[in-house]
Amino acid sequence: MTDLTRMTAAETAATIAAGEASATEVAQAHLDRIGAVDEKVHAFLHVDTEGALRAARAVDDRRARGEELGPLAGVPLALKDIFTTEGVPTTVGSKILEGWIPSYDATLTRRLKDAGVVILGKTNMDEFAMGSSTENSAYGPTGNPWDLTRIPGGSGGGSSAALASFQAPLAIGTDTGGSIRQPASVTGTVGVKPTYGGVSRYGMVAFSSSLDQGGPCARTVLDAALLHEAIAGHDPLDSTSIDAPVPPVVEAARNGDVRGMRIGVVKEFAGEGYQAGVMTRFNEAVELLRELGADVVEVSCPSFSYALAAYYLIAPSECSSNLARFDAMRYGMRVGDDGTHSAEEVTALTRAAGFGAEVKRRVMLGTYALSSGYYDAYYGSAQKVRTLITRDFERVFGGVDVLVSPTTPTTAFPIGERADDPMAMYLADLCTIPTNLAGNAAMSLPCGLAPEDGLPVGLQIIAPAMADDRLYRVGAAVEAAFTARWGHPILEEAPTL
Amino acid sequence: MTVTDELVSYEDALATYDPVMGLEVHVELGTRTKMFCGCSTELGAEPNSQTCPTCLGLPGSLPVVNAVGVESAIKIGLALNCDIAEWCRFARKNYFYPDMPKNFQTSQYDEPIAFNGHLDVALEDGEIFRVQIERAHMEEDTGKSTHVGGATGRIHGASHSLLDYNRAGIPLIEIVTKPIEGAGARSPEVAKAYVAELRELIRALGVSDARMEMGQMRCDVNLSLRPHGREKFGTRSETKNVNSLRSVERAARFEIQRHAAVLNGGGTIVQETRHFHEEDGSTTSGRIKEEAEDYRYFPEPDLVPVAPARAWVEELRAGLPELPRVRRERLRTDWGISDHEMQSALNAGAIDLIVATIEAGAPADQARKWWMGELARRSNEDGVELAALPITSGQVARVCALVADGKLNDKLARQVIEGVLAGEGDPDAVVAGRGLAVVSDEGALGTAVDEAIAGNPGIADKIRSGKVAAAGALVGAVMKATRGQADAGRVRELILEKLGAEG
Ligand SMILES: [Zn+2]
């Protein structure tokens, strides 16, 4: 019998629909795989065995009754622990929410359940999605399945590692500055940050409200598209969600083609700090796009060089306000509630114990940046940079259909290497942050292994807002050509653990 | 009392200083649901039964703006002659308090929905004073804390606190005046008249019941003094949550006297919040603002900007009701009363009740008499607003009708009103229940008159001889005999008739 964990999501759904395997068998195979390897990988913070099997049985029952199943019915998924799940713990990678059992499902969670997707559990992440390595999780780091001593990216390292270690064919991530794309890049998987407002944020614990965006993670472009379609669309509970039809992402993923497309290479995403092997693979990908019939041109986005600075004012500012609610009063951790401390002291003690160093750093940065007398110089200026970046995108998208760049300047770095150097860590998101600031869409997909370390390199494709389908049209073409060139999907080369 | 708490006389204070006031009024809107979620705003429910992830500020929850709340805000802005923003945003006001679930209040900062308006208020003598409006903005209410175990109900000394989030997220409109200058000795009166006028306006718009005693309308009185002739404002005190019209006036008056005492003594006013005490009309120091509190405002990223279409704004403007001051002038002329009488009716919150009573068939003077007399007295005694008394305008109108029909006299009518207030039912039910109907049986009345004449032959003779004024004594005797239940007018007629005298 074929290994049910090695199939794509599309194949898995077809297998279940055809009755060649039950959803329960598929779920059990993945739960077994989790049992076998996750001790080493540590992709999951919580495995919901019972919930997964219950959901799988429901799909099997529906099939038995002859009901029509959706395109992802019975497909297992690893859910980033930032989305609320009714009755299932949600920690956001933080001690401060240890023990909290949400009373409600996020809109995304609800849509997954409605689509018959089987949620296996909640995946590890940098605390409150702040980080690029998952080392900031309060529950310990996650290993990169390509090399367990290296980081799986972050903040969504649990989701990317779950995909790359075949513990789930689908996963959900959130992307505030690159937290879907950078983990996809360093694990040889596919990740998409949809247009801001494309996927509801209701029930997604906020880090930086104007930047946060949930999105699909998968091992193939088509799987990502199927998941994208399942979770996207207007939500009346999220005022910032876009009230317009979801771009035709699945159709695009089934019809990969770049012939006649104009593709821009962002000049600013190269040079110092970019690993040689990353640039080698990126340049090959650009060459491939030409061979496939695209018209590739170089474009310049001068304001992108201010993106990182602007991001590290806006995101901490918003997080300083978003995280203020964690005060030990209503839910989560409570320290010092022994009758000898005031409410304020309990809050202070709880935060001291419950928040990690990076969270504290950003709350302090943000509190400072919003302070009266500093607001204009910091938050105000950062918002102006944001406008300039949006204009740079608008200008170049006047001449090209999509942009391409490396997703992240380096391959996966060793766990611990940048843990004490926040600035080095922040550089991992150099190429991904502009898209968050402007609110448009981007994808990362594998473009080979770096010659010097044999680790995956990601190609980033960037599209204008609401043109998410272009990512899939280009991504599918690139994926098909590379797979043909390599003779197999890139993950075949990853260790089997 | 410390030195700074001594007061100088009001007259002395005004002789030296010129008061400048700023009034901030919070109005709870009467929308069916909260400002940013679908929870009910109904009062009096079990604590925390009207909550959801959003108004509890649970991780992941998001706000959605209540369109009726925005509409109400625009109506208030238009009625206050404000400009309505073409585009504005909500902002987060960041501060910590346990009854605020997110530890920020979703409010508006530098982009209020309405700004630059004015409200003309009528003073007791009919003089019109124009109060300039700085802004009116939308925000949400906080939850409610109950501190348990302390002596005063305040947090100090309490063993624990109970939090009820039913109120969290109820829509509020904050209306802020520009500095009110030039009112001089009439400043407290202007403050009171402004709040009264605003309350009428809010009610006329139908956006809130604006019941101050229920916290639906709350006023902060900011006050400073400057020596006559000085341009620059003095340091202000902020007296919070002054929750009745009378208290607004008293708080302003007290602060004028207190500030003057401090300044006369060579002291300086500390910028601080102060608590008002209903019992003696004084204020005491609350929290000292060592430095201006930094709320770290920034635009609320979870909400999209509010951009009311001009056509909609004009539609709302066209639909505004007659402004209360204009309406009052019309009613005052109709009812034939003075400015002062009208002002009293306004302050008592009686105007709509009188109008409704007239609409239910009562003559204007009768309707006014009951609401401004017996019922106003009761509302004062019970410390509830007139509208909150357990009697309807229809019931008052019915009492008036019974009097007009001669079924009740004034004294009995009073008892009927009392019965209705005591929950004995409608006026007719009270009449029946207490057996209060006027004795109109001519036979019984005739007998009573005969007995009175027989028992008072001297008086009867006087009447026979033409001294009609003496009839009063016999009327009194009959009324006494019928325990007040006779129609005094009819009794008099009968006496004169029987004694052959001309009335
Ligand atoms: Zn609610």
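Is Phe355(A) buried or exposed? The points below take up this residue and then other features of the model, which is a predicted one.

1. Burial of Phe355(A). The residue is buried, and its relative accessible area is 9%. That value falls within the buried class because the class takes in residues under 20%. Phe128(A) is likewise buried, with a relative accessible area of 1%.

2. Aromatic pairs. Searching the whole structure over all chains gives 21 aromatic pairs. In one of them, the ring centres of Phe128(A) and Phe355(A) are 5.9 Å apart and the planes stand at 65°, so this pair is edge-to-face. The assignment follows because planes over 60 degrees apart count as edge-to-face. Phe128(A) belongs to the loop between β3 (118-123) and α5 (157-164) of chain A, and Phe355(A) to the loop between α11 (343-354) and α12 (357-370) of chain A; the pair therefore ties together parts that are 227 residues apart in sequence.

3. A pair across chains. Tyr379(A) and Phe298(B) also make an edge-to-face aromatic pair, at 5.6 Å centre to centre and with 65° between the planes. This pair crosses between chains: Tyr379(A) is in helix α13 (residues 376-397) of chain A, and Phe298(B) is in strand β14 (residues 298-299) of chain B. Both Tyr379(A) and Phe298(B) are buried.

4. Charges over rings. In chain A, the charged end of Arg418(A) sits over the ring of Phe413(A), at 4.0 Å from the ring centre. In chain B, the charged end of Lys93(B) sits over the ring of Tyr295(B), at 4.4 Å from the ring centre.

5. The annotated span. An unreviewed UniProt entry places the feature "domain: Amidase" at residues 25-471 of chain A. In the model, the end C-alpha atoms of residues 25-471 of chain A lie 33 Å apart, and the span is 37% helix and 14% strand.

6. Thr411(A). This residue is in the loop between β9 (402-406) and α14 (422-426) of chain A. Thr411(A) is buried, with a relative accessible area of 4%. From Thr411(A) to Glu452(A) the separation is 41 residues in sequence and 10.0 Å in space, C-alpha to C-alpha.

7. The second largest pocket. Its volume is about 660 Å³. The lining of this pocket has 22 residues, and those closest to the centre are Ser244(B), Arg246(B), Asn347(B), Ser379(B) and Asn380(B). Two or more lining residues come from each of α3 (187-205), α4 (245-264) and α10 (374-382) of chain B. Of the elements, α4(B) gives the most to this lining, with four residues. By class, the lining of the second largest pocket has seven nonpolar, eight polar and seven charged residues.

8. Cavities. The count of cavities of 30 Å³ or more is four. The largest cavity has a volume of about 190 Å³. Among the 22 residues lining the largest cavity, Thr54(B), Cys55(B), Lys102(B), Thr106(B) and Glu140(B) are the closest to its centre. The lining of the largest cavity divides into nine nonpolar, six polar and seven charged residues.

Definitions and conventions: Residues numbered from 1 in each chain as written. Chains lettered and ligands numbered in written order. Predicted model: local features only at pLDDT ≥ 70, side-chain atom pairs only at ≥ 80, totals over all residues. Heavy atoms only, no water. Phe/Tyr/Trp six-rings, centres within 6.5 Å; stacked < 30°, edge-to-face > 60°. Buried < 20%, exposed > 50% of the residue type's maximum accessible area, 1.4 Å probe, protein only. Lys NZ or Arg CZ within 6 Å of the ring centre and 35° of its normal. UniProt positions renumbered as here; feature names shortened; annotations may be inferred. 1 Å grid on protein atoms, 1.4 Å probe; cavity = no way out; pocket = protein on both sides within 12 Å on 5 of 7 lines; lining within 4 Å. Points joined across faces, edges and corners; volume = space filled by probe spheres on them. Nonpolar A, V, L, I, M, F, W, Y, C, P; charged D, E, K, R; others polar.
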